[in-house]
Amino acid sequence: MSFVMAATERIRHNSASRKLLKEKVVLIYDSFFRGEDPSLGNPNFWDEFFLLKPNVVNILGQFDKLNGDSLLDLKGNISLICYRCIEALKEENPIRVANAFQTLSALIRGVFAKSGGDYGFDVINILVGFDSAESVMQTLIEQLCSFLTGDHVEHLKRLSLKLLLVLATATENVSQNMLLEYLMINSVFETIIQILADCQLRQQHGYDAVVLLTILVNYRKHESANPYIVKLSILDDELALNGYGQVVSSSLAETNKKYCMKLSEPKGGFFSSLTTMVGSMFVADDGDSKHSPIRASDAVLLALYEAIHLNRNFIATLTHSQTDSSSPPSPTCSKQVVALETGSETGGSVASVPSEGSDSVDIVTEPSNLLITFLEYCTIVMQDTKDEASYANVKLCFIILTCIVEDQYANSLIHDVNMVFRVQLHRMPMRHRKLLLLDQDSPSRPLACALLDMMVEFVMSHLMKNLPIELYGKCFGVIHRVLCYQKKCRVRLQYQWKQLYTALINLLKFILSNEVHLMKKFNIFQLSSQVINIFNLFITYGDTFLPSPASYDELYYELIRMHQVFDNLYSMALRYSTIDSEFKEIAVKLSNNLVNVRAIINHFTPKIETWMLQNRQSSLTEVQVLEVVRSNYDTLTLKLQDNLDQHERYCEKPKETAFFTQLVRVVVADCRQKLDSMQVDSPSLLQEFQLFAT
């Protein structure tokens, strides 16, 4: 018995001993973080050290154990390791170089992680020392650029770009990252542009390059001169701009593809449908969370925004046909995908549904470009505005659209009758509308038609008690800018405007029906004024841009037919304009904006009633009403309203500064999460290096 117990004790002792065994590299880390320097007296130490596989987790763990004072005490050792890492990047051995990348990355992350506390130390002094910081950082950045643009294996190029991202995302607030000052002095802009202009480099590193540039552009954006903003704004390299666009388009297209695949998943049978139907009776009015769409990364959308906002030359890239293999076209959905198809001559919304008993998927390839892919993406992401991240994503999309339709050249492109496309626009699943079969033979149309269809869909699909009023405001801003361009350039877009009239009137009906609830949360008078001003633009200038006199007649018909909505809206505005409240001024403005709408209603309604009496008709058809309207235009008097065709130019500062500051924080946080692992597969690296050398 005693023999067994003794044997058991020896086994436990040996097991404990094995647990205490550490990797050689970890023992070296321990020594450095105790304040010792194991490299003293060993001339081959660093050559051997960088052949050992780094333990990033252990390095970060070592920093976690430190406090402010102990970190300052280790400044000498940390600076030494950083310096040796930068020197090792000049080595010819790819393993040493790759290990130096990982070690340096871990040190930077570890030091900055500690700087988030209440410690009064300067991270740059700890990492590289004040005296040598400028020269050391210059050497590092030049070496990274050399890897990215020179003849080096792809693995090292990727690690170089990842290290630049580690530097750029060292702090949550990018404007507080002092390391970026060295990237302002030693620009990597030209290196990024070279990556984007080269097809092969773009395929491998395009996404990271675009994200890096986007973060650098947002460093102290409104506080000081940022060379990346200046250089991006004047960039006219067509290859680089197209490469930039293809990276963004490829990422958005991948998101669109995932959404199509999600909708193509087999649905359940009768009992599953019955369960879904019964369950839907108990959900909130604001929609079903299970239909939440897939979103692209905020970094991609922010990159698209910066390019459109800063660089007018990028506008041409929006409609540039995609032929580069690195950027697959936006996938068209199969017969199993629910989609709102633009281009039908009736202007109606149609959708594809799976045919029963059929497992086949027919993919129809259509000409594609960045704007087509982006419009399709917008209709996917705008289906869900309930959570903060989704709401911000949709808001950014609408800001991008605002920048596009403010540009004269962009407007000319999307209205060009010689540049026509079919665009897949997805619809939010709703209980009150049936899904129709997709008309595969519907004609292509200018992209402005798809844009307007998308705005109409947003208006119709977001009538909820938690009204996304800010998004509605931006939606109407887009519509208004499109109409201003059409009026200015006398562009007669062949579009079914009735669906826009209907959507706007339905929104007004919803506001009036939920006045008490909405008034507690929102300024519904401002939103209503935007809607009425769009009607006023049609009334005053519609003859300059509507496709035909019949379209203008149709506008009057809808105003007269739905006169009760406008009467009630005027009554609401009148009520609030006669009492002391925070909405008094805007209510007066709304009532004044309604003057022409009410003039039309008050002018034609008696004429119609008289015609009914004379012809002994109890009700009239649309044709009969339009006949009365046409015969009484000459006696109608309207008031000329000022500035209907004017709009305030979009400006990021100050209105959207807080939004973009928070958005950049999200982009940095997402990027840091993806950078958590910079593991290197040494055998693969050696094999790649051997193939490269031969």
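This is a predicted model: local features need pLDDT of at least 70, side-chain atom pairs count only at pLDDT 80 or more; totals for chains, interfaces and linings use all residues.
Biologist: What percentage of the residues in the protein chain is buried?

Modeller: Buried means under 20% relative accessible area, exposed means over 50%, and partly exposed lies in between (1.4 Å probe, protein chains only). Of the 694 residues in the protein chain, the buried ones make up 53%.

Biologist: How many helices and strands are there?

Modeller: Both are DSSP runs numbered from the N terminus: helices are H or I with at least four residues, and strands are E with at least two. On that basis, the protein chain has 33 helices and 4 strands.

Biologist: Why do the buried residues of H4 line one face of the helix?

Modeller: Helix H4 covers residues 56-64, and its buried residues are Val56, Ile59, Gln62 and Phe63. Exposed Val57 and Asp64 are on the face turned away from that buried side. The arc is taken from the directions from the helix axis to the C-beta atoms. Seen down the axis of H4, the buried residues line one face because they fall within an arc of 120°.

Biologist: Which helices do the buried residues of H4 pack against?

Modeller: Contact here means heavy atoms within 4.5 Å. By that rule, the partners are helix H2 (24-33), helix H5 (68-73), helix H6 (75-88) and helix H7 (94-114).

Biologist: How are the rings of Tyr472 and Phe476 arranged: stacked, edge-to-face or tilted?

Modeller: Rings of Phe, Tyr and Trp (its six-membered ring) pair if their centres lie within 6.5 Å; planes under 30 degrees apart are stacked, over 60 edge-to-face, and the rest tilted. That rule gives 32 aromatic pairs. For Tyr472 and Phe476, the centres are 6.0 Å apart and the planes are at 35°, so the pair is tilted.

Biologist: Which residues touch the most other members of the largest nonpolar core?

Modeller: A nonpolar core is a set of buried Ala, Val, Leu, Ile, Met, Phe, Trp, Tyr and Cys residues joined through side-chain atoms within 4.5 Å. The largest one has 220 residues, and its largest share, 12 residues, comes from helix H26 (residues 524-545). Phe476 is buried, with a relative accessible area of 1%. The residues touching the most other members are Leu401, Phe476 and Phe566.

Biologist: Which ring does the charged end of Arg598 sit over?

Modeller: A charge sits over a ring if NZ of Lys or CZ of Arg is within 6 Å of the ring centre and within 35 degrees of the ring normal. One such case is Lys221 over Phe660, 5.7 Å from the ring centre. For Arg598, the distance to the ring centre is 3.7 Å, and the ring is that of Tyr570.

Terms used:
Residues are numbered from 1 along each chain as its sequence is written. Side-chain values use heavy atoms; hydrogens and water are left out.
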